[in-house]
Amino acid sequence: MAMTQAASAPVDRKVSAMTDAQRMQFERDGYVLVRGALGESEVAAYAAALDRVYAAQQAEGRIKRGGPMHLLSAATNCREAIALTDHPATFPLVWSVLGWNVHIYHSHLDVNPPILVHASYRFEWHQDGGRQNRELDGEPRPRMSVKLGYWLSDLSEPGRGNLKIVPGSHRWNWIDGPPRRDIEWPEPEDAVELCAQPGDAVFFDRRLWHARSNNYSDITRKAIFIAYAPRWMVIRDAIEDLHAYTAFEFLSPVRKQLLGAVGRGIPGQAEGDHRWGHYPQTTPLYKFLEDRGHLTDDYPPLRP
């Protein structure tokens, strides 16, 4: 798939940090819903790109006709998604929380057509991070990563594959659940389905307990999710083919950092130390924020 001009062009440089109101909600509830993050033309373009990927996956026999798609490595499998990595309407939330030494460690493309036959029950409530939730100490466990989800279909009513969350649950290590996932179990207390319009985005802490509702509507649910973490965390996405792509060299330095291609081959700077944040002056997002006066002592991750 060709890399679009939107994907290779730098973002609008007029960016603002997370507002105090957003930070208060994020710390209290574990998420922020950004209304109208994407314009109508952007929604149409990304939805069309998802449709092309979905059709290709079906043609290759990777998914059943009419079945759901949950495809990892968003930018590798859908070049258009590169333009979402540092979107000016949402990316400031990421660096306001995690700071400048970040990259994208996990992402996925989701298409969920209407379910025509009643689905068998499965308890899907979880926190992101996999074994982080077994191997990290503390109550609550460390944040480690944050995630952005972009809605490309109408989720203004429940039951359309909406994101289900328990506000404030990012402070809990456990929730009540069944001994096996196929045993029916009550929804967590205070669980809600987020209702969103096409173009809305949700920004959430990986520790927030969440799941997806079954889509029994007549609307195909379409979404792109991008998760960010400190660069000292291993990238889960497959990015080798993306780095080898001809147009990759024309991406902005910040996008190259986010996609895991900064820190190699710099004289006198070991790649591992670079990922640890020992060389801020050659880390593109540090320079980006420094040039715009966003490196302050207000929040630890943004300190120089």
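His-210 is found in strand S8, residues 210–212. Strands (E, at least two residues) and helices (H or I, at least four) are DSSP runs, numbered from the N terminus. This is a predicted model, in which local features need pLDDT of at least 70, side-chain atom pairs count only at pLDDT 80 or more, and totals for chains, interfaces and linings use all residues. Residues are numbered from 1 along each chain as its sequence is written, and side-chain values use heavy atoms, with hydrogens and water left out.

Is His-210 buried or exposed? His-210 counts as buried, because its relative accessibility is 5%. Buried means under 20% relative accessible area, exposed means over 50%, and partly exposed is in between (1.4 Å probe, protein chains only). The side chains of His-210 and Asp-128 are joined by a polar contact of 3.2 Å. Such a contact is a pair of N or O atoms within 3.5 Å; within protein, one must be able to donate a hydrogen and the other to accept it, and residues adjacent in sequence count only if both atoms are side-chain atoms. Not counting residues up to four places away in sequence, His-210 touches several residues, including Trp-125, His-126, Leu-163 and Phe-204. Contact here means heavy atoms within 4.5 Å.

Now turn to another histidine. His-274 sits in helix H9, residues 271–275. His-274 has a relative accessible area of 0%, so this residue is buried. Its side chain makes a polar contact with the side chain of Thr-282, at 3.0 Å. Leaving aside neighbours within four places in sequence, His-274 is in contact with Asn-101, Arg-231 and Tyr-279, among others.

Ala-261 lies between helix H8 (253–258) and H9. With a relative accessible area of 25%, Ala-261 is partly exposed. Ala-261 touches His-243, Phe-248 and Lys-256, not counting residues up to four places away in sequence. Ala-261 and Gln-127 are 134 residues apart in sequence and 28 Å apart in space, C-alpha to C-alpha.

Next comes the nonpolar interior. A nonpolar core is a set of buried Ala, Val, Leu, Ile, Met, Phe, Trp, Tyr and Cys residues joined through side-chain atoms within 4.5 Å. The largest one has 56 residues, and Met-69, Leu-109 and Phe-203 are among those with the most contacts inside it. Helix H3 (residues 40–59) gives the most to this core, seven residues. A second, separate core has twelve residues, including Trp-151 and Phe-225. Met-69 touches Leu-50, Val-53 and Tyr-54, among others, not counting residues up to four places away in sequence.

Look along H3 itself. Its 20 residues should span 28 Å at 1.5 Å a residue, and its end C-alpha atoms are 29 Å apart, which agrees. The expected span is 1.5 Å times one less than the number of residues. The buried residues of H3 include Val-43, Tyr-46 and Leu-50. They pack against strand S2 (69–72), helix H4 (74–77), strand S3 (102–112) and strand S9 (221–230). Just after H3, Gly-61 takes a positive phi of about 75°.
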